[in-house]
Amino acid sequence: MRPKRAAVWVACVCVAQFVFGAADAAEHVISLNLCTDQMLVLLAPEKIAALSPLSRDPALSFVAPQAEQLPVVRASAEAVLRLHPDLIIAAPYGAQTTLALLQQEHVPVLRIALAQDFAGIRQMTRLLASTLGVPQRGETLLIAMDALLEALPHPGHGVRALVWEPRGLTAGPGTLMDAVLHAAGMTNASDGSRISLEALLRHPPELLVVPTAAAYPSLATSLLDHPALASLPRRAIPPALTICAGPFSAAAAAMLAR
Amino acid sequence: MTLWLALLLAILAALSLLIGDATLALPDGLIFWQLRVPRMLLGLLVGGGLGLSGAVLQGALRNPLADPGLLGITGTAGLGAVIAFYWGLGVAFPPALLVGGLLGAGVGSAFLLGFAGRAPSGPSLILAGVAVSAIAAALLALALTLAPNPFALAEITFWLMGGLADRPLWQVALAAPAILLGGAILVSLGRGLDALSLGEETARSLGVPVARTLRLAAVGTAFAAGAGAAVAGSIGFVGLVVPHLLRPWFGERPGALLPAAPLAGAALLLAADMLVRIAPLVLPLSAAPPVGVLTALLGAPFLVAVARRGAP
Amino acid sequence: MIGVSHLSATLGGRIVLHDVSLEVAPGEMVALCGPNGAGKSTLLRALAGLLPEIGPPEPCRVAWLPQGARSAWGLTVEQVATLGRIPHRDQAVAPVTRALQLCGIEALRCARVDRISGGEARRAMLARTFATEPEVFLLDEPTADLDPAASHEIMRLLRTTADAGRMVVIVLHALDLALRYADRVVVMADGRVTADLPAEQALPAAAAAFGLPFGTDPAARLLPKC
C-alpha cells in the first residue's frame with residue numbers, strides 16, 4: 001500500500017540495456033511482449049514492424065482489434081532480423097537468448113519494466129513516447145487517464161475488496177491491481193499471499209474482484225463458479241485491463257467504482 | 001473385522017470434516033456443507049471405488065499387482081474427462097465430464113481385458129497396463145497443451161496426481177451413482193473370482209461364466225474407478241494396496257475381500273487426504289500437496305515389495 | 001452315462017482329436033493312456049464340456065481336475081475343497097469334511113496350499129472334486145506328485161468311488177496303476193483311440209503305443225502279484 005515506493009522502484013529498474021546508434025527516433029519497431037505491444041499500438045502504430053502474437057488475443061489484449069491489422073512475429077532472432085527493425089522493445093525478463101543474439105547484431109534493444117502503479121504508468125508512457133519520438137501523444141494519453149482518475153471517488157472509508165485470481169492468487173500491496181483498487185476508492189483486503197477457497201470464506205471481503213469468465217473452462221477458472229461463492233458480491237474485470245499496465249488501467253478503476 | 005473397519009471409517013469421516021486447510025476446528029455452515037462435506041463424500045466414494053476395483057482386478061486377473069491406476073484405467077478415464085472438460089462440453093451439458101471419464105475408462109478396461117485373454121501371465125499383463133498408462137498420460141499432457149484455456153497445462157498435476165479439494169457438491173452427486181453402480185456390479189463377482197483362483201478352465205468346469213465375469217469386472221471397474229477419476233483425477237496405488245492390507249485378516253480368498261475392500265479404500269484415502277491437509281502445518285509447504293503424491297509415496301515402495309516377494 | 005461320439009477337435013489349426021468315440025457307464029473306471037500329445041487331456045476336456053465343439057459343462061454332475069492344478073492364491077486346504085461347492089451355490093461343511101477325510105488331508109485343513117508339500121497340495125485339489133459330490137470324476141494325472149504308497153491309496157479311493165456307482169475317467173502315465181485299478185484302458189496316439197480294452201488285456205496295446213516291445217516292458221515288472 002505504498003505507491004510512492006513503487007514509483008521509486010520503477011524508476012530505478014526502468015532504464016536497462018539501452019543501446020542507441022543514432023539520435024533519430026526509430027521507424028521500424030518490433031515489440032516482443034504483450035504489455036509493450038499495447039503501449040506501442042497506443043503511441044505509434046505507424047512505426048510498428050511487428051508485435052508479439054498475444055497482442056491479437058481479445059481475452060488478454062486491450063488492443064486486439066487493432067493488432068488484427070498489424071503484423072505479428074514470434075520471438076525468434078531469425079524471424080525478427082528478417083524484418084530489419086531499428087528498435088526492439090521487450091519486458092525485463094524473457095526471450096533472453098533471442099535478445100542477446102539481436103544485441104550481437106547491433107540492433108538496439110529497450111527493456112521496459114512493467115509498471116505497478118499509476119506513477120509508474122506515467123513514467124513508462126513518457127519514456128516510451130520520447131524514445132519513439134512522439135512525446136505529445138504520450139502526454140495526450142496521460143491527460144485522458146488522469147481525467148478519468150480524477151472523476152473517481154478518493155480513498156477514504158472504501159469498500160474492502162479482494163482481487164482473487166484463479167489458483168488462489170491475490171493482488172497484494174505494491175501491485176497494479178492494488179493501485180487500481182485504491183484509485184476506485186477501495187481498500188485492499190489482501191496481503192499478497194495465496195489464499196484457498198476455504199480461507200477466503202472464513203474471512204470474506206466485502207467485494208470480490210475476479211476476471212471475467214474465460215471462453216473455455218479450466219479447473220482454475222471454473223473454481224470462480226463454485227457454489228460456495230455464490231452469495232459473495234463480486235465485480236468482474238476483463239483480464240485485458242489487468243494483465244498489463246497502461247493508461248487503460250484507469251478504465252479498470254472506473255469499472256470498479258461504478 | 002468388517003465391523004471394526006466400518007467403525008474406523010466412520011471415525012475418519014468425522015475427523016475429515018473437522019480438518020480444513022491450516023485449521024482444526026468446526027467451521028461455519030457454508031464452509032461445512034459446501035467444502036468439507038463434498039470433500040469427505042468424494043473421499044469415501046473415490047476411495048471405496050478404487051479399493052473395490054483393486055480387489056476385483058487382482059482376483060479376476062489372478063495377479064497381486066493389478067490396480068486400476070497401474071493398469072491404465074484411471075489414466076484413460078482422466079484423458080476422457082480432460083477432453084470433455086477443457087473443450088467446454090461440460091458447459092452446455094454438465095454430465096459431459098463424467099461421460100468423458102466413463103468412456104475413457106471403458107476404452108482402457110476393454111483393451112486391458114482383451115489383452116488379458118491373450119496373454120494372461122502376470123508380468124506381460126502389468127507391462128500392457130503400464131503401456132496404456134503411459135500413452136494415456138502422454139495424450140493427457142498433449143490435450144492440456146492444446147487446450148484453449150491458458151491455465152490448462154498447469155493443471156496437469158491435478159489430473160495425474162489427483163485431488164479431492166474444492167470439488168463442488170454437484171460434481172460429487174454426479175459421480176456418486178456411477179461409482180455406486182460400479183460397486184454393486186463388482187461386489188456381485190465374489191463367487192466367480194473364487195472359482196477363478198483355480199484357473200479359467202477349472203472355473204468354467206465349476207459352472208462359472210468366466211467370460212461374463214471378466215467383462216463385468218471391466219465394466220464395474222470402468223464405472224467405480226473411472227467415475228472417480230473424472231472428478232478427482234488419477235489417484236494411484238489405493239487399489240493395489242487395499243487387498244494386500246486385508247489379506248492377513250480376511251484370508252486370500254478373493255471373494256472374502258470384497259465386502260471390506262471399499263471400506264478399507266475409503267479409509268485409506270480419507271486418511272491420506274487428512275495428512276496432506278495437515279502437512280502445511282508441520283512442514284514448510286505453501287499449500288497442501290495433491291493427495292496422489294502421498295498415495296504414490298506410500299504405494300510405490302509397497303509395489304516393489306510385493307513384486308519382489310513374487311519374483312522367483 | 002457319459003461319453004463322446006465320433007468327435008473331432010482342432011486347437012490352433014492343429015487336429016488334436018480325430019473321430020474319437022468313448023462311452024463310460026456308471027460303476028466304471030476308465031484309464032486313458034498314451035504318449036504325450038496323444039490327445040488324452042483334450043479328450044478329458046471334451047468329456048468335461050470344456051471344448052467349443054462340445055459343451056456346456058455340467059458342473060453339479062461332472063468334476064474335472066486338470067493336470068498340474070494350482071491355486072493362484074494362498075488359500076487354505078479347506079478353502080480349496082470348499083470351492084468344489086460352487087456349482088451347488090452353498091458352503092455346506094459336511095461334504096467338504098468328508099472330501100478332506102477321503103483324500104487323507106483333513107489334518108491339514110487349515111494349512112495354506114502354498115506351504116505344504118506338492119503331494120499334499122495335490123490331495124487338496126482332489127478333495128475339491130470330491131466336495132462337489134459329482135456323478136463323474138474326470139481326473140488328469142491325479143497321482144503325479146504322489147509317492148508310490150500315496151498313489152496306491154488314491155487309486156484305491158477312486159476304485160471304491162467307481163464301485164459305489166460313480167464314473168471315473170483318469171489320465172495316467174503310470175501304466176501299472178492303470179492296469180491294476182481300472183476296468184478299461186483306452187490307449188490313444190496322435191489324436192486317435194488305438195485300443196479300448198478291458199484292463200487285463202490292455203498291456204500289449206499300451207506298450208505298443210509307447211513304442212515299447214511287449215514282454216520286455218518294464219511296466220510288467222512293476223505289476224504286483226495279486
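Helices (H or I, at least four residues) and strands (E, at least two) are DSSP runs, numbered from the N terminus. This is a predicted model in which local features need pLDDT of at least 70 and side-chain atom pairs count only at pLDDT 80 or more, while totals for chains, interfaces and linings use all residues. Residues are numbered from 1 along each chain as its sequence is written, chains are lettered from A and ligands numbered from 1 in the order in which they are written, and side-chain values use heavy atoms, with hydrogens and water left out.

**View 1. C:His6 in strand β1 of chain C.** C:His6 is found in strand β1 (residues 2-11) of chain C, and its phi is positive, near 50°, although the residue is not a glycine. With a relative accessibility of 56%, C:His6 counts as exposed (over 50% relative accessible area, whereas buried means under 20% and partly exposed lies in between, for a 1.4 Å probe and protein chains only).

View 2. Within helix α3 (residues 93-102) of chain C, the buried residues are C:Pro95, C:Val96, C:Thr97, C:Ala99 and C:Leu100. The cover over these buried residues includes α2 (77-82) and α4 (118-131) of chain C, where contact means heavy atoms within 4.5 Å. Just after α3(C), C:Gly104 takes a positive phi of about 70°.

**View 3. The loop that holds A:Arg167.** A:Arg167 lies in the loop between β5 (160-163) and α8 (176-183) of chain A. Phi of A:Arg167 is positive, about 70°, in a residue that is not a glycine, and A:Arg167 is partly exposed, its relative accessible area being 41%.

**View 4. The interface of chain A and chain B.** The contact takes 20 residues from chain A and 25 residues from chain B. The area buried between the two chains, that is, the accessible area (1.4 Å probe) lost on putting them together, summed over both, is about 2000 Å², and carbon and sulfur atoms give 67% of it. A:Glu198, A:Pro217 and A:Leu219 supply 33% of the area that chain A buries against chain B, more than any other three residues.

**View 5. The salt bridge between B:Arg36 and A:Glu198.** One salt bridge (a side-chain nitrogen of Lys or Arg within 4 Å of a carboxyl oxygen of Asp or Glu) is found by the rule across the interface of chain A and chain B. B:Arg36 forms a salt bridge with A:Glu198, and the closest N and O atoms are 2.7 Å apart. On the side of chain A that touches chain B, α9 (197-202) and α10 (219-222) each supply at least two residues, and the largest share, five residues, comes from α9(A).
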